[in-house]
Amino acid sequence: VLRGEFRTAREHLEEALRLYDTQPAASFDLLMGLDEKVTCLTWLAWAIWPLGYADQGAKYSEAAIARARQLGQPATLAFALAIDGALFHSFRREPEAAQAHQQELLGLAAASGLVVFQVLARITEGLSLTEQGQVEQGIAQIRQGTAAWQAMGTATGRVMHLEVLARAYRAAGQIEQALGTVDEALTLIEQVGLRFGEAKLWRLRGELLWLEGADQAEAEACFQRAITVAQQQGARLWELRATVS
C-alpha cells in the first residue's frame with residue numbers, strides 16, 4: 001500500500017482475509033504484537049480508497065476499529081485508532097471524526113506507554129486544529145510531532161506527515177513554507193520508494209504554485225504529473241481530483 005501499488009495490495013489483502021477466515025483462529029500468531037485481521041482490514045481500507053471505493057474503504061476502516069475494541073489488546077486498538085481513525089479521517093477531510101479518535105488514542109497510548117501512537121495522534125490533532133482555525137497551535141504541534149517521529153529513525157509514514165504539515169501551512173496562507181515541505185516530501189519519495197501520496201503531492205504543488213502566482217504552465221505541469229502518477233497507480237480518486245484542479 002505504501003509503495004502505491006494499490007491494485008496488487010488489494011488482491012493480496014483480500015486473499016489474506018479469506019485465508020484468515022477459513023483457518024482456526026488459534027493458528028495465527030500476533031504480527032509484531034498486532035492482530036493480523038485488524039492489520040489486513042486496515043491496509044485494505046487504505047488500498048481501495050484511492051482506487052475510487054471511498055465508502056467501501058470506510059467500512060473496512062470501521063470494521064478494523066470494531067474488531068480491535070472486541071479483542072482488548074492495547075497495541076492493536078491503538079494501531080486501529082491511529083491508522084483507521086485519526087489518520088484515515090484526517091486524509092478524508094473529516095476533522096471532527098479525526099479529533100474524536102485522536103483524543104481516545106492519546107488516552108490509551110499514554111496509559112499503555114505506546115509512544116509511537118502518541119506522536120501520531122499529536123500530528124493528526126495538529127492538522128485538525130489548523131483546519132478549525134487554530135493555525136499557530138496546530139502547525140507547532142505538527143512540527144513537534146514530525147520532529148519526534150524523525151528522531152525515532154523511521155522513514156515509514158514521514159511522507160504522509162510532511163503532507164499533513166504542507167496542508168497546515170497552506171491553511172495558514174504560508175505558501176512558501178508549504179511548497180518547501182511538499183518538495184521535501186517528493187524528494188523523500190524518490191529516496192525511499194514509498195509512493196502512497198505522490199499524486200496528491202503533485203496536485204498540491206500545482207495548487208500552491210498557482211496561489212503563489214507562478215507561471216501557469218509550471219502549475220499545469222504539476223497537475224499533469226499528478227494525473228499521470230494516479231493513472232499508473234489506478235488511483236481514480238486522485239486522478240479525478242487532479243483533473244478538477
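The model is predicted: local features need pLDDT of at least 70, side-chain atom pairs count only at pLDDT 80 or more, and totals for chains, interfaces and linings use all residues. Residues are numbered from 1 along each chain as its sequence is written, and side-chain values use heavy atoms, without hydrogens and water.

Helices α2 (residues 36–48) and α3 (residues 54–71) pack with their axes 8 Å apart, at an angle of about 165 degrees. Helices here are DSSP runs of H or I with at least four residues, numbered from the N terminus. Axes are lines fitted to C-alpha atoms over the stretch in contact, and angles run from 0 to 180 degrees between N-to-C directions. The two helices are therefore roughly antiparallel (over 145 degrees).

Residues on both sides make the contact (heavy atoms within 4.5 Å): K37, V38, L41, T42, L44, A45 and I48 of α2, and Q56, G57, Y60, S61, A63, A64, R67, A68 and L71 of α3.

There are ten aromatic pairs, counted where ring centres of Phe, Tyr or Trp (its six-membered ring) lie within 6.5 Å. W46 and F88 form one that is edge-to-face, at 5.4 Å centre to centre and 75 degrees between the planes; edge-to-face means planes over 60 degrees apart. The partners are 42 residues apart, in α2 and α4 (residues 74–91) respectively.

| Residue | Relative accessible area |
|---|---|
| W46 | 1% |
| F88 | 1% |

Ring pairs also join W46 and F88 with F6, W49, F91, F196 and W238 in a cluster.

Notes. Angles under 35 degrees count as roughly parallel, over 145 as roughly antiparallel, 65 to 115 as roughly perpendicular and the rest as oblique. Rings of Phe, Tyr and Trp (its six-membered ring) pair if their centres lie within 6.5 Å; planes under 30 degrees apart count as stacked, over 60 as edge-to-face and the rest as tilted. Buried means under 20% relative accessible area, exposed over 50%, partly exposed in between (1.4 Å probe, protein chains only).
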